[in-house]
Amino acid sequence: MSKPDYRTDSAGGWIERLSRRRAISLALGANPTFSGVLALSQDGVPVRLALSESVVGDVNLNDARAAMKVWISLITKELNVLIDPKLFSTTQEIYDRMHHGDLDAVALNILEYRQIADLLDSTQIVAAGGPAGLEQYLILVKKGGGFRQLSDLKGKRFCTLKSPRMCLAADWLATMLEEGHRGPADQFFSSMSVDAKFSRVVLPVFFGQSDACLTSKRGFETMCELNPQVARDLRVIASSPQMVLSFYIFRKNYQGLNRQKVIKAISGLRNTTAGQQLATLFQFDELTLRDAGCLTSALAILDAADRVRAQRGSAARKG
Amino acid sequence: MSYACVRILCVSLSTTALWMTSLAAQPAAAPAPATSASAPQVLSLDDCLRITFEKNHRRPASRFAVAIAEAQHRQALAGYWPQVNAKAGWFRMDEAPNFVFPASNMYIPSQTVTVPGGSTSVTIPANAFGPGFPPVAVQMPVSFPGQSITTNAQVFPVPEQDVKLMDPQSVTATGNFTWLLFDGGMRSGYRQQALGGKMAAQAELRRTDLELTDSVVRLYYGAVLARQLHQLGQDTLARMEVTLELTESLYKNGAGRVNKTDYLDNVVMVETIRSTVAELAKNEAAAQAALAYTMGLPWDATVVPSSEEVPHRPFAGNAAELVSSAYEFNPDWAKVEAGLKALDGAVSTARSGYYPKIALTGEVHRWWNDYTTGTATTRNKTGWTIGAGAEIPIFDGFLTKNRVSEALARVAKLKEEKLLLREGIGLQVRELFLSLEAASKTYQAAERAMVAARENRELTSRAYQNELVDTEKVIRAQLFEALMSAQFYKTRYDHVAIESQLSVVIGKEVRERITSKP
């Protein structure tokens with residue numbers, strides 16, 4: 001997470017000062033953080049939706065709640081759906097409330113999903129649609145640096161983007177290294193750093209201050225579009241499969257009109273100008289209804305990472 | 001976001017709004033936009049033009065002007081035909097007219113009549129005196145002496161005589177004709193003048209049609225533009241309202257990183273946009289009302305264009321070609337040509353004053369009156385006359401000469417005006433042509449700017465999602481996209497409006513005169 005910027009240069013500076021948009025984006029959209037989507041049912045019973053504070057991270061919760069209030073207001077006004085987000089400090093708390101039927105839906109990432117999947121109905125998942133909604137990780141190196149594959153990076157400087165979208169980055173990297181029997185990442189690289197600012201992850205590689213970085217494909221493509229020389233000078237030596245990492249999902253056995261209203265409200269938000277603006281400000285793409293099949297690639301990485309951890313644990317016990 | 005950038009957008013939209021207001025006011029005395037009592041009609045441009053030609057009152061007025069001129073032309077042609085008239089009448093006088101022959105004396109002078117002497121033979125037929133006497137016819141010689149008879153002078157008085165002329169009740173029927181055989185060019189002059197008037201009226205009708213078409217085309221697409229700008233303003237307002245809502249929420253409930261000045265800056269921006277949107281809404285309604293008014297619909301009618309956007313077709317042509325087309329089809333040019341024709345006729349008419357006029361005349365009559373004497377004789381009751389007459393001007397105080405001078409001066413004046421018009425039309429076409437070229441270039445630039453602004457907004461949004469740019473840039477990109485879209489819509493309209501004006505000057509659909517690119 002980047003440091004808050006207290007510039008007061010313009011009327012628009014406030015959002016920048018808001019410890020970046022992360023708080024809001026986590027809360028409302030593409031990221032698994034929060035949102036409260038609460039449809040007013042015919043009998044007036046709201047839909048209850050959970051958000052884990054652990055996913056929000058170091059975002060100021062007051063700001064997140066304030067942004068959430070706007071979200072609720074818009075959904076209510078435009079789509080006749082109320083949002084009643086509930087912030088939870090741990091995934092366990094969400095699990096407990098979900099287990100007792102106190103929650104109807106949850107916005108979460110793939111890690112959390114895996115922990116409470118037995119309580120969730122994976123037949124309907126509302127996630128970012130289209131290729132833009134799929135996340136992919138890349139390992140980038142500078143052309144002409146003599147790095148052609150991951151093994152060439154042994155003992156080199158490595159930087160990783162820190163972002164909720166990068167929630168599987170460590171697992172994917174560990175899996176990749178394990179496949180080549182190269183050991184844990186912190187031992188493989190000479191130094192490892194993380195940064196929440198995309199440019200501070202990619203540009204050091206470009207300027208030779210770092211040897212490689214792990215970042216998102218979407219971000220890299222956007223940066224290449226902004227600065228074509230970055231595309232010319234950097235090369236991808238490894239890429240992950242496409243993954244769905246964050247989404248809305250319902251509690252098992254939660255049915256009824258409310259469920260459909262929530263799906264319709266979330267997926268149709270961008271149909272209005274105000275909804276589009278909200279989506280832009282809160283950094284999420286168009287959301288569509290999908291099934292559990294879209295999670296396969298991400299879950300496969302988590303399974304592989306688990307196996308790696310298990311093997312290492314076993315090896316450590318033997319050693 | 002930059003407040004200056006918002007001000008630019010607002011000023012731009014306000015300028016467009018003002019411009020749209022003037023657009024709506026273009027048709028003479030366009031009504032103020034009012035809450036329409038009747039349901040809005042959604043119409044295509046073709047429908048609008050059709051209704052305009054059916055309902056606008058300027059067109060029938062021009063049509064009647066043509067009818068007047070045509071009738072005047074036929075009146076002029078009537079002079080070539082003999083003028084035949086018939087009259088019939090019944091009348092009764094209080095008493096029969098008479099003729100009084102006054103009393104007089106008839107004097108007979110004295111006179112002497114001399115009878116010379118002589119002899120002759122007399123035959124006495126048989127049995128002249130009685131049966132058997134004389135038994136046979138006897139011829140006897142008879143002698144008589146010469147003598148003189150003298151009468152005295154005498155006076156015979158004749159009394160006054162009252163002669164009745166006719167019966168007091170009569171029925172008459174007469175027929176006459178006059179045929180002007182030679183007039184020294186008077187009639188052909190009148191005919192030419194009338195023909196010129198007819199051609200001028202036809203040119204005026206054509207001008208009316210062109211002006212109506214121009215008005216409807218510009219107002220129709222003006223209404224389309226007004227709607228697009230209004231929609232754009234609404235979208236911008238909706239976006240900024242969401243931003244304001246977020247600002248307010250963060251200011252009042254957040255962690256304190258958004259302060260009141262941030263919030264107030266946003267309020268100023270949103271309210272400025274809101275006022276602009278209100279103006280744009282008014283402009284949309286005004287444009288629709290003006291369109292309905294021009295179409296000849298009632299004051300409370302509203303016409304909503306069915307077109308979603310103003311069309312654009314690039315063109316390739318040259319000014320010289322358009323100017324030569326204008327000389328062929330421009331109604332003002334046609335009116336000058338018609339005026340010259342009429343004035344030539346006026347010269348002929350004036351010159352006819354130098355020449356004699358010869359006419360053939362005739363008459364036939366019948367009179368019914370019960371009286372048969374007096375003047376009511378059979379001979380007088382029916383009859384005919386035929387004749388020829390000539391009127392020869394000898395001296396008119398130089399009236400004819402000065403009439404000719406006047407007519408020739410008028411011709412010369414109009415010819416000079418024609419030269420002015422020729423240059424004027426050329427200049428008008430050239431100016432519009434240049435405007436059209438400039439509008440095309442502006443259109444291309446505005447299109448590129450809009451595409452770039454859209455691409456910038458999309459890229460900025462994507463970059464924002466990846467923490468590569470700040471929120472300010474996203475909002476600025478959105479505002480500039482709206483601004484560029486407004487400019488682009490306006491340049492589309494400008495192109496169509498200039499093209500329409502060019503059609504009026506050229507006198508024909510410009511699209512038929514210029515080569516369109518595919």
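**Close-up views of a two-chain predicted model**

Among chain A contacts (heavy atoms within 4.5 Å) between residues at least 6 apart in sequence, 76% join residues at least 24 apart. This is a predicted model, so local features need pLDDT of at least 70 and side-chain atom pairs count only at pLDDT 80 or more, while totals for chains, interfaces and linings use all residues. Residues are numbered from 1 along each chain as its sequence is written, chains are lettered from A and ligands numbered from 1 in the order written, and side-chain values use heavy atoms, with hydrogens and water left out.

**View 1. A:F158 and A:F189 make a stacked pair.** Rings of Phe, Tyr and Trp (its six-membered ring) pair if their centres lie within 6.5 Å; planes under 30 degrees apart are stacked, over 60 edge-to-face, and the rest tilted. By that rule, there are 13 aromatic pairs over all chains. Here the ring centres are 4.2 Å apart and the planes sit at 15°, so A:F158 and A:F189 count as stacked. The pair ties together distant parts of the chain, 31 residues apart: A:F158 is in strand β6 (residues 157-161), and A:F189 is in the loop between α8 (185-188) and β7 (191-195). Helices (H or I, at least four residues) and strands (E, at least two) are DSSP runs, numbered from the N terminus. Both A:F158 and A:F189 are buried; buried means under 20% relative accessible area, exposed over 50%, and partly exposed in between (1.4 Å probe, protein chains only).

**View 2. A:F206 and A:F207 pair edge-to-face.** Their centres are 5.0 Å apart, with 85° between the planes. A:F206 is buried, at 13% relative accessible area, whereas A:F207 is exposed, at 54%. A:F206 also has the charged end of A:K142 over its ring, 5.6 Å from the centre. For a charge to sit over a ring, NZ of Lys or CZ of Arg must be within 6 Å of the ring centre and within 35 degrees of the ring normal.

**View 3. In chain B, the charged end of B:R422 sits over the ring of B:Y327.** The distance to the ring centre is 4.5 Å.

**View 4. B:D214 has a polar contact with B:S500.** Their side chains are joined at 2.4 Å; a polar contact is a pair of N or O atoms within 3.5 Å, where, within protein, one must be able to donate a hydrogen and the other to accept it, and residues adjacent in sequence count only if both atoms are side-chain atoms. B:D214 belongs to helix α4 (residues 186-253) of chain B and is buried, at 7% relative accessibility. Leaving aside neighbours within four places in sequence, B:D214 is in contact with B:S500, B:Q501 and B:V504.
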